[in-house]
Amino acid sequence: MTRLAFFVLAIVLGLSQAMAQGTEITFGGIKADTSAPVEVVSDALTVDQVTQRGVFSGNVVVTQGDMRLTAGEVEVEYTEAGDGIERLLARGGVTLTSGLDAAQAAEAAYAIDSGDLVMTGDVVLTQGKAAISGQKLLMNLTTGKGRMEGRVTTTFVPGSD
């Protein structure tokens, strides 16, 4: 009986540790063509040529292919040559949509060339009627694979499409 109790406890602790570390997930709809042009629309733009950065503010909408990101402010890091965008840092109610999938968070960082996206702060991902929430979403938009971390909660609707 003691061995059985120890075995059950080990399994429970192992599962809870795995849940605490995060959940590996594959997202079918949230993908991006990282070679597609990036368009940024906003109410205002401030550029610093010395630091190779620009800040778009007010009703910011970023599109790349079928992917759309909205936020209150998006800081852009330009390439060293100044001929393109290297990375986006979004703040202020970030929403990312692609196809039928959507993700919301307080902040997001997106590396254009690699397709790596990190969303932080009360992240909620919805796929159809299913939802996953946590504190940090790490995702590669090229492959559609990601990981949700920070007290992950998943809600499924039985019998839904």
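Reader: What is the mean pLDDT of the protein?

Author: The mean pLDDT is 80, and 79% of the residues reach 70 or more, where pLDDT is the predictor's confidence in each residue, from 0 to 100. This is a predicted model, in which local features need pLDDT of at least 70 and side-chain atom pairs count only at pLDDT 80 or more, while totals for chains, interfaces and linings use all residues. Residues are numbered from 1 along each chain as its sequence is written, and side-chain values use heavy atoms, with hydrogens and water left out.

Reader: Over which residues does pLDDT stay under 50?

Author: That holds for residues 1-21, for which the model has three contacts beyond four places in sequence, a contact being heavy atoms within 4.5 Å.

Reader: How many helices and strands are there in the protein?

Author: The protein has one helix and eleven strands, and from the N terminus on the order is α-β-β-β-β-β-β-β-β-β-β-β. These elements are DSSP runs numbered from the N terminus, helices being H or I with at least four residues and strands being E with at least two.

Reader: What makes a set of residues a nonpolar core, and which residues have the most contacts inside the largest one?

Author: A nonpolar core is a set of buried Ala, Val, Leu, Ile, Met, Phe, Trp, Tyr and Cys residues joined through side-chain atoms within 4.5 Å. The largest such core here has 28 residues, and L69, V74 and M119 are those with the most contacts inside it. Two or more residues each come from β4 (53-64), β5 (67-78), β6 (85-98), β7 (101-111), β8 (116-127) and β9 (130-140), with β5 giving the largest share, five residues. Leaving aside neighbours within four places in sequence, V74 is in contact with residues including F56, V62, L69 and L88.

Reader: Why is the link between E77 and R53 called a salt bridge?

Author: A salt bridge is a side-chain nitrogen of Lys or Arg within 4 Å of a carboxyl oxygen of Asp or Glu, and the side chains of E77 and R53 meet at 3.1 Å, N to O, so the pair qualifies. The two residues lie in distant parts of the chain, E77 in strand β5 and R53 in strand β4, 24 residues apart.

Reader: Is E77 buried or exposed, and how do you know?

Author: Buried means under 20% relative accessible area, exposed over 50%, and partly exposed in between, with a 1.4 Å probe and protein chains only. E77 has 16% relative accessibility and therefore counts as buried, whereas R53, at 33%, is partly exposed.

Reader: Which residues are linked in a network of salt bridges?

Author: The network links R53, E73, E75, E77 and R91. Within this group, the side chains of R91 and E73 meet in a salt bridge at 2.8 Å, N to O. R91 is in strand β6 and E73 in strand β5, 18 residues apart. Since their relative accessible areas are 27% for R91 and 28% for E73, both are partly exposed.

Reader: What makes β9 and β10 a pair of strands?

Author: Two strands pair if DSSP finds at least two bridges between them, and β9 and strand β10 (residues 145-149) have five, in the antiparallel sense, so they meet the definition.
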